[in-house]
Amino acid sequence: MIAVNDNAPRLTPEQYLVWEETRPEKYEYIDGEVYAMSGGSVNHGRIAIRLTTLFDTHLEGSDCITGNSDIKVKIAEAQNYTYPDASVTCDERDRTTPQYITYPCLVVEVLSEGTEAYDRGGKFRLYRQNPVLQDYLLVSSTKIEMDLYHKTEADDWVIINYQPGDTIELQSIGLSFAIEHVYRGLILTPDSQPTM
């Protein structure tokens with residue numbers, strides 16, 4: 001999704017939660033400012049659907065909740081709220097808040113030209129405040145490529161770059177899948193096609 005400042009008045013977190021309920025659009029809330037969420041490309045939407053379906057199918061029968069871009073994430077230790085493209089929480093505390101989740105172990109952002117720098121920088125800094133976040137997956141919508149930010153047992157973040165032919169390993173939910181599974185049938189840039 002692409003966040004666009006909507007020039008709305010500054011709101012407290014409590015006012016934001018009430019205000020957004022009356023709006024037909026979704027809004028992220030960062031440091032008192034609200035940002036309207038606009039749609040992404042066809043590839044963006046298809047990738048997000050494939051990932052949430054993959055996660056939900058894998059986690060069927062568990063106590064985990066798979067979220068799509070309609071599930072708001074409250075930033076732990078802060079009063080900010082975002083709408084990632086996909087998320088998974090297995091934390092019981094998230095069963096008590098019907099408007100949002102706070103403790104996802106996995107967050108996914110599908111990259112677009114307008115949001116990539118923010119998703120890699122400022123948004124990742126926000127998500128890192130979550131003490132249980134283990135995997136932050138950034139997914140290209142124009143070429144077969146994903147970057148996984150994985151939190152190690154030493155609380156360090158390592159970046160793993162995945163390319164055509166690779167298998168994605170999401171330790172946070174115990175899932176492995178071929179990168180091409182997500183990109184099948186999409187129109188991508190010519191230099192991103194797998195070679196035979």
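Predicted model: local features only at pLDDT ≥ 70, side-chain atom pairs only at ≥ 80, totals over all residues.
Residues are numbered from 1 along each chain as its sequence is written, and side-chain values use heavy atoms, leaving out hydrogens and water.

Let's start with the sheet. It is open, with six strands in the order S4-S7-S8-S9-S10-S11 and mixed pairing. Strands here are DSSP E runs of at least two residues, helices are H or I runs of at least four, and both are numbered from the N terminus; two strands pair if DSSP finds at least two bridges between them. At the edges sit S4 (65-67) and S11 (157-162), each pairing on one side only. From one strand to the next, the twist averages 15°, with angles running from 0 to 180 degrees between N-to-C directions of axes fitted to C-alpha atoms, for helices over the stretch in contact.

Now look inside the sheet. S7 (residues 86-89) and S8 (residues 104-110) are antiparallel, with four bridges, and Ala86 stands opposite Val108 in S8. Packed on the sheet is helix H2 (residues 42-58), which touches S4, S7, S8 and S9 (135-139); contact means heavy atoms within 4.5 Å. The direction of H2 makes about 160° with that of S8.

Finally, the hairpin. S12 and S13 (residues 175-178) run antiparallel, joined by four bridges, and Leu170 has Leu175 as its bridge partner in S13. Four residues lie between the strands, and Gly174 takes a positive phi near 65°. Thanks, all!
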